[in-house]
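Here is a briefing on a ligand site and on aromatic pairing. Look at the structure first, then read the notes.

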Amino acid sequence: MNHIIENRFFSIKKMIPKNVKILAVSKNQEISSIEKLYRIGHRDFGENYIQEIVKKYKKLPKDIRWHMIGRIQSNKLKYIIPFIHLIHSVQNIKQINIINKIAFKHKKIINCLLQIKICNEKNKSGITSKEASKILEDKTFKDMKNIKIIGIMGMASFQELKKVHNEFSYLRKLYHEYQNQYGHNILSMGMSRDYNIAIKYGSTIVRIGTLIFGNRKKII
Ligand SMILES: *Cc1c(COP(=O)(O)O)cnc(C)c1O
């Protein structure tokens, strides 16, 4: 038996500080690959598609902490609220309202991050720091009991690696501001190609997919 996935995971884990969490991004990866990391004790997995999270949740052990990191389809949120651990990709007050409402029905408090746009590439989503601050100061949001915003998330440039430093530095600054003002404690930044840089800029959770699991397969 080979242990390629486990070995890749261990070598990344060995290289990063203990206070940085690894989120294993398992979107478009087989259930059996997730099970391999589960068996060696890993519990945090990230997915982009609600349908895929639900399918995997049903088949896998219930102590896995599932993270939603992809674009949110509001009409499907109800399927993950009963079990989701953290939503990294919240972008507006409408989504916040829906999450709060569904969470109330399930007697849950859902932890979320605001996704901030830190690079100019067209396909990257996220909101500006101004929009984020507006949400955090929103009175209806402040009164909500079943959703908590505990940090921010961002994706850096793909095309130009030299821009990544500025982008992560910007996000760190915003994070520190929110940490002081609102007690945020999660800064989700860094992926396979740039997680080392993200850690230098104070990331508290890196989202790593292909570097652990290899290329993504189309499975849903
Ligand atoms: C897919 C994805 C990742 C993981 O990307 P890799 O390059 O495979 O590490 C991280 N974050 C988000 C938001 C993603 O969509």
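An oxygen atom of the ligand lies 2.5 Å from an N or O atom in the side chain of Ser-192. The protein buries 93% of the 380 Å² that the ligand exposes when taken alone (Shrake-Rupley areas, 1.4 Å probe). The model is predicted: local features need pLDDT of at least 70, side-chain atom pairs count only at pLDDT 80 or more, and totals for chains, interfaces and linings use all residues. Residues are numbered from 1 along each chain as its sequence is written, and side-chain values use heavy atoms, leaving out hydrogens and water.

**Ligand contacts**
- A nitrogen atom of the ligand is 2.8 Å from a side-chain N or O atom of Arg-207.
- Arg-216 also places a side-chain N or O atom 2.8 Å from the ligand, here from an oxygen atom.
- Polar contacts of this kind are pairs of N or O atoms within 3.5 Å.

**Ligand surroundings**
- Residues around the ligand include Val-25, Lys-27, Asn-48, Ile-69, Met-155 and Thr-210 (a heavy atom within 4 Å).
- The shell divides into 5 nonpolar, 4 polar and 3 charged residues; Gly counts as polar, and Lys and Arg as charged.

**Aromatic pairs**
- The count is 4 aromatic pairs (ring centres within 6.5 Å; planes under 30 degrees apart are stacked, over 60 edge-to-face, the rest tilted).
- Phe-45 and Trp-66 form a tilted pair, 6.2 Å centre to centre with 45° between the planes.
- This pair links distant parts of the chain, 21 residues apart: Phe-45 is in strand β2 (residues 44-47) and Trp-66 in strand β3 (residues 65-68) (strands are DSSP E runs of at least two residues).

Notes
A polar contact is a pair of N or O atoms within 3.5 Å; within protein, one must be able to donate a hydrogen and the other to accept it, and residues adjacent in sequence count only if both atoms are side-chain atoms. Rings of Phe, Tyr and Trp (its six-membered ring) pair if their centres lie within 6.5 Å; planes under 30 degrees apart count as stacked, over 60 as edge-to-face and the rest as tilted. Helices (H or I, at least four residues) and strands (E, at least two) are DSSP runs, numbered from the N terminus.
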